[in-house]
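Subject: Structure for your review

Dear colleague,

Please find the structure below, followed by an account of what was found in it.

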Amino acid sequence: MAEELFEIEESVPVNTVESFLRMERMPHIWCPGCGIGTTVNCFAHALETSGLDLQKVSVVSGIGCTGRVAGYINLDSFHTTHGRAIPFATGLKLANPELKVIVYSGDGDLTAIGGNHFIHAARRNVDMTVILINNFTYGMTGGQVAPTTPLSATASTTPYGNYEQSFNLPYLAESCGAVYVARWTAFHVRHLTKAIKEALAKKGFSFVEVLAPCPTLYSRRNKIGDGLDQMIYYKDNSEIRNGADTKTIPLEFQGKIVVGKFVDKERPTYLDAMNEFYQQKLGEDYIPYKG
Amino acid sequence: MKADPKGVLTGSHFLDGDHSCSEGAIAAGCRFVAGYPITPSTEVVERIASRFPYVGGMFIQMEDEIASSIAIQGAVWGGKKAMTVTSGPGFSLMMEHIGLAAMTETPCVFVDVQRAGPSTGLPTQPAQGDMMQARWGSHGDYGIIALSPNSPQECFDLTIKAFNLSEQYRVPVMFMMDECVGHMTERVVIPPADQIEIVPRKFYEGPKADYLPYKTNGDLVPMMVKAGDGYNIHVTGLTHDERGYPSMTVPTQEKLIPRLVNKIKHNAPKIVEYVEDQVDGAEVVVVTFGITSRTSIPAIEQARKEGMKVGHLRLVVVWPFPEERIRELASRVRAFVVPELNLGQMVLEVERCVAGKARVELVGHPGGTVHNPKDIYNVIKKSAKG
Ligand SMILES: Cc1ncc(C[n+]2csc(CCOP(=O)(O)OP(=O)(O)O)c2C)c(N)n1
Ligand code: SF4
Ligand SMILES: [Mg+2]
């Protein structure tokens, strides 16, 4: 009997994602129904099949609920300051170009306080993957309005509704020069996993926007249900349009969501451009920078 | 360890303080600089930008000082020695990241070529108004080291020292120049590389399973590893335990933060550096730093000529402050005179250490130019009379 029991235990499928997590830090801080964890699951699966040397992978986060991702990932991971994950990642990557650097952070972090860094890293085409979790709000601080909050949505600092136009992030990323741009939701786990894997394989500034529910501070406040209701909304209202013109895909409050891969192109990275340029200008005197 | 000869321009040069600082950084092994242009510091990064392609360095002009001051920290965790360079307005923008470097114990150098403030102030003119900001500018408690050169030669020598101290104690080091020293051109002698002592980063080399990133071995300074070495490190600005994991509890705070303060406080006797001239037996001691040390010399000499017993104590390391020495002198001298290009910052430290045992006289100046030595002389004379 004992032997049989042992066998039963053995056959319990191993959750392969666990090896990517600092299990000793569980339980995590995220609320029930929060979409961030789902995206981390996709990220771990993408890493698992990426073929990357995990010892050379670093995850950098800013501050926020999403910013806590770095703390749960069992790789070299950096939890920096609010909005500044991208410039930290820029320094890290340029110091050691062998590293694969992923920035994982929230919409407020990366596009409000960190917006300047976002546009410049995309412009420079610094080789990094940016995964942005867009929950339309500042979750960590209690659901304030963000540059991504749709018009008319309610937030704690727009108690009568938001009257500011929000960002269309794929359009922003593309116009600044990102070489890979995709948008998915926490519902699209397979597509999202694939997109992250593609982004990781890309050389240059790759960007994946992921819409994810924040039931606690966005959807309940806006009377559009909890996490599950948001997933159903994503399922029913998303339209996959790979290659869509990013200009045409802004997000509206509970409106249609265009998802897909919009940009996948080649452009010299910051480092390649620098090395090539200096080699032309300075000739043999120049030692190509390798970190 | 000795300096890498590849970066060292051994010989006698005619350099301004800014350029000399760049050469000091290169000699110290700095191979990552991020900055944003601002007078009067820009020449430091301009020289770095022209020199780095030939020494295997990475210079990047970031989009602002906030980005610069954290890009260098990413670079340090990637294995580089790194610095950023700025002046008042940019220094103000960097404050959050000085705290991050202190909290995560990221060795790096912040150069501030001081100009007159507040705000945009006098962009091209000198001041020493950021001295307290260098010590206390970021929120919360932490220890810090700050140096203040008074010549282009010291801009070279002390930049190397700044890097060495940052590695030894794993702290951000503030390099507090001023517009005068930055733009003053003098002879700078760069020694051969094998005469330049470099403190290498203290990397952990034991078994991976035993490594605790924030555990110290009695000396208050933990050993580092870098990204890509296979340690799966976690680095956070949150209050963290020895594993580096967030632990937002009072006991963790009570363990971590005093250590960050004490690693500088307890090592202060080893870190402090000052230069004394005729301090023993003096009735009046003039306490100076940076450019003010040089404008004080004619005043001190004049007073001595007239028979006054005047000593000169110049701070080379400004933070930690040489409190022991000032305390000791306080019971012996009649007065301290503190000229500075601000309206009273380091004088507060002198007053604190003197604790009423002697007179302390500020010779303040809001900046824009240097002191007229006569103003310093007048205060010395008044103080000597008691
Ligand atoms: C300089 C600074 N300003 C403000 C904050 C407070 N703060 C922490 S997280 C956050 C917003 C996070 O929003 P987002 O990036 O969207 O992350 P989410 O929590 O929604 O995942 C703010 C404003 C801070 N930590 N630092
Ligand atoms: S507040 Fe929102 S974003 Fe933060 S953990 Fe809770 S559900 Fe997730
Ligand atoms: Mg958010």
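An oxygen atom of ligand 1 lies 3.0 Å from a backbone N or O atom of A:Thr137, and thus counts as a polar contact (a pair of N or O atoms within 3.5 Å; within protein, one must be able to donate a hydrogen and the other to accept it, and residues adjacent in sequence count only if both atoms are side-chain atoms). For A:Cys65, a backbone N or O atom is 2.7 Å from an oxygen atom of ligand 1. A polar backbone atom of A:Met140 is 2.9 Å from an oxygen atom of the ligand. Ligand 1 lies between chains A and B. It is surrounded by 17 residues, the closest being A:Cys65, A:Thr66, A:Asp107, A:Asp109 and A:Gly139; a residue is near a molecule if one of its heavy atoms lies within 4 Å of it.

This is a predicted model, in which local features need pLDDT of at least 70 and side-chain atom pairs count only at pLDDT 80 or more, while totals for chains, interfaces and linings use all residues. Residues are numbered from 1 along each chain as its sequence is written, chains are lettered from A and ligands numbered from 1 in the order in which they are written, and side-chain values use heavy atoms, with hydrogens and water left out.

The residues around ligand 2 include A:Cys31, A:Cys34, A:Cys65 and A:Cys214, as well as A:Trp30 and A:Asn135. By class, this shell has eight nonpolar, two polar and no charged residues (Ala, Val, Leu, Ile, Met, Phe, Trp, Tyr, Cys and Pro count as nonpolar, Asp, Glu, Lys and Arg as charged, and the others, Gly among them, as polar). Helix H9 (residues 215-219) of chain A gives the most to the shell, with three residues; helices (H or I, at least four residues) and strands (E, at least two) are DSSP runs, numbered from the N terminus.

I turn now to the interface. Chain B contributes 45 residues to the contact and chain A 42 residues, where contact means heavy atoms within 4.5 Å. The two chains bury about 3400 Å² between them, 60% of it on carbon and sulfur atoms; buried area is the accessible area (1.4 Å probe) that two parts lose on being put together, summed over both. B:Met58, B:Glu63 and B:Asn232 supply 17% of the area that chain B buries against chain A, more than any other three residues.

One salt bridge (a side-chain nitrogen of Lys or Arg within 4 Å of a carboxyl oxygen of Asp or Glu) is found across the interface of chain B and chain A. B:Glu63 forms a salt bridge with A:Arg124, with the closest N and O atoms 2.9 Å apart. H3(B) gives the most to the side of chain B that touches chain A, with eight residues. Strand S2 (residues 76-79) of chain A and S10(B) run parallel and are joined by three bridges; strands pair if DSSP finds at least two bridges between them. The bridge partner of A:Phe78 in S10(B) is B:Val235.

Some backbone features also deserve mention. The peptide bond from B:Thr39 to B:Pro40 is cis, with omega near 0 degrees, and so is the peptide bond from B:Gly117 to B:Pro118. A:Asn125 has a positive phi, near 60 degrees, and lies in the loop between helix H6 (115-124) and strand S4 (128-134) of chain A.

Yours sincerely
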